[in-house]
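I opened this structure to look up its charged side-chain pairs and its pockets. My notes follow in the order I made them.

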Amino acid sequence: MKKVVIYTDGACRGNPGPGGWAALLRYGDHEKKISGAEDHTTNNRMELLAAIKSLTSLHEPCMIDIHTDSQYVQKGITTWLHAWKKRHWKKADNKPVKNADLWAELDLQTHRHIVKWHWVKGHSGHKENDLVDELANKAIDKLLEK
């Protein structure tokens, strides 16, 4: 099984506002950068979309280390998701889980792979995290130029 390392980030100008997502995928000496943007979204949706798009870009099951600066994504997928699903996408206070559509898709995509989730501190000089942050912001710039 191939071993892939992924770095993801999402960005938003206003929350909600125009947003971008990006990921860097590494397999051996190969690197792939992907990114995209949406007109009206939130930072959390972009963080989730970065993880989803990185996983869906892989054509076969892999062993993956995903690095994110989003505790929302990292804790959501590793800690909160099981309970949300048991409660039919409701939180402990019985309110609906925000971004349930993306959480369900991320859950589906993670089952194709063996995934380990890692949190990295954002905007702290972490080379790959800084790169995907820059790519996510460039995706927003490109969207706003249209």
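Entry 1. I began with R45 and D101, whose side chains form a salt bridge with 2.9 Å from N to O. I then checked where the two residues sit: R45 belongs to helix α1 (residues 43-56) and D101 to helix α3 (residues 100-110). They are 56 residues apart, and the pair links distant parts of the chain. I noted that this is a predicted model.

Entry 2. How exposed are the two partners? R45 has a relative accessible area of 23%, which makes it partly exposed. D101 is also listed as partly exposed, at 47%. I kept in mind that side chains of opposite charge can pair when their charged atoms come close.

Entry 3. I looked up R13 next and found its side chain in a salt bridge with that of D141, at 2.8 Å from N to O. R13 lies in the loop between β1 (2-12) and β2 (17-27), while D141 is in helix α4 (residues 127-145). For accessibility I wrote down 32% for R13, partly exposed, and 34% for D141, partly exposed.

Entry 4. I turned to R26, which forms a salt bridge with E31. The closest N and O atoms of R26 and E31 are 2.6 Å apart. E31 is partly exposed at 45%. I also found that R26 and E31 are linked with E128 in a network of salt bridges.

Entry 5. How many salt bridges are there by the rule used? I recorded 7.

Entry 6. The largest pocket holds about 240 Å³ of space. It is lined by 13 residues, and those closest to its centre are K2, V4, Y27, S57 and L58. Which strands supply the lining? I found that β1, β2 and β3 (30-41) each give at least two residues to it.

Entry 7. Last, I sorted the lining of the largest pocket by residue class. The lining has 5 nonpolar residues, 3 polar and 5 charged.

Notes:
Residues numbered from 1 in each chain as written. Predicted model: local features only at pLDDT ≥ 70, side-chain atom pairs only at ≥ 80, totals over all residues. Heavy atoms only, no water. Salt bridge = Lys/Arg side-chain N within 4 Å of Asp/Glu carboxyl O. Helix = DSSP H or I, 4+ residues; strand = E, 2+ residues; numbered from the N terminus. Buried < 20%, exposed > 50% of the residue type's maximum accessible area, 1.4 Å probe, protein only. 1 Å grid on protein atoms, 1.4 Å probe; cavity = no way out; pocket = protein on both sides within 12 Å on 5 of 7 lines; lining within 4 Å. Points joined across faces, edges and corners; volume = space filled by probe spheres on them. Nonpolar A, V, L, I, M, F, W, Y, C, P; charged D, E, K, R; others polar.
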